[in-house]
Amino acid sequence: MFKCLPICIFSWVLLLVLLFLQKLSIILGHSFILIFMNILIAGGAGFLGSNFAAYFLDRGHTVVAIDNLITGEIENIRALEQNASFTFIEGDICNTELIVFLGKTYSFDRVYDFACPTGVPNIAADKLGELMLDTCTIGVRNLLNLARTHKAKFFHASSAEVYGEPEVS
């Protein structure tokens, strides 16, 4: 008769905690995420990647950022490195062995791809155009394979360069 008593008490306590968090979220004006995710951000030292990393870290998630620092800057993530839930890896998403290693080392729920050297001046200089093609093909394929292996949701951002020169009339 009393075998389920600890489970019942636990269930009631959990329910009360959830109700408290719901009320608190209404008072504070934002919701609480109760499920914490492991997130990979490619291009994590770039403007978008570093800001997404900060956003997710502020909400309690674990973030692994990878960037080859060709156009990303270490200064963008300097403050994030103080967070124990943040890991930075200097590397290239075109390196299949590195991405496979990350897949074996970490378990990801989300993969965000912001990796791509952008900017018309960068494309013409120092073979960055070729690097852009590799990043947007080989690198994306590597990240898609990683996301599929982990059953993670995948988000890919592109740049305005794919649309070409805008016509101004």
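Strands are DSSP runs of at least two residues, and both helices and strands are numbered from the N terminus. In these terms, L69 lies in the loop between β2 and β3, the latter covering residues 86-90. The model described here is predicted.

**Two residues with positive phi**

Most residues other than glycine have a negative phi. L69, although not a glycine, has a positive phi of about 60°. K151 is likewise not a glycine, and its phi is positive at about 55°. K151 is found in the loop between α5 (128-150) and β5 (153-156). L69 counts as partly exposed because its relative accessible area is 24%, a value that falls between the limits of 20% and 50%. K151 has a relative accessibility of 76% and therefore counts as exposed, the cut-off being over 50%.

**The aspartate of strand β2**

D67 belongs to strand β2, which spans residues 62-67. D67 is buried, yet it has no salt bridge. The nearest side chain of opposite charge is that of R78, 13 Å away. The side chain of D67 does, however, approach two backbone nitrogen atoms, as tabulated below.

| Side chain | Backbone nitrogen | Distance |
|---|---|---|
| D67 | G44 | 3.5 Å |
| D67 | A45 | 3.0 Å |

Which residues are in contact with D67, leaving aside its neighbours within four places in sequence? They are G43, G44, A45, G46, G72, F88, I89, E90 and G91.

Note on methods: Residues numbered from 1 in each chain as written. Predicted model: local features only at pLDDT ≥ 70, side-chain atom pairs only at ≥ 80, totals over all residues. Heavy atoms only, no water. Helix = DSSP H or I, 4+ residues; strand = E, 2+ residues; numbered from the N terminus. Buried < 20%, exposed > 50% of the residue type's maximum accessible area, 1.4 Å probe, protein only. Lys, Arg positive; Asp, Glu negative; His and termini not counted. Salt bridge = Lys/Arg side-chain N within 4 Å of Asp/Glu carboxyl O. Polar contact = N/O pair within 3.5 Å; in protein donor to acceptor, adjacent residues only side chain to side chain. Contact = heavy atoms within 4.5 Å.
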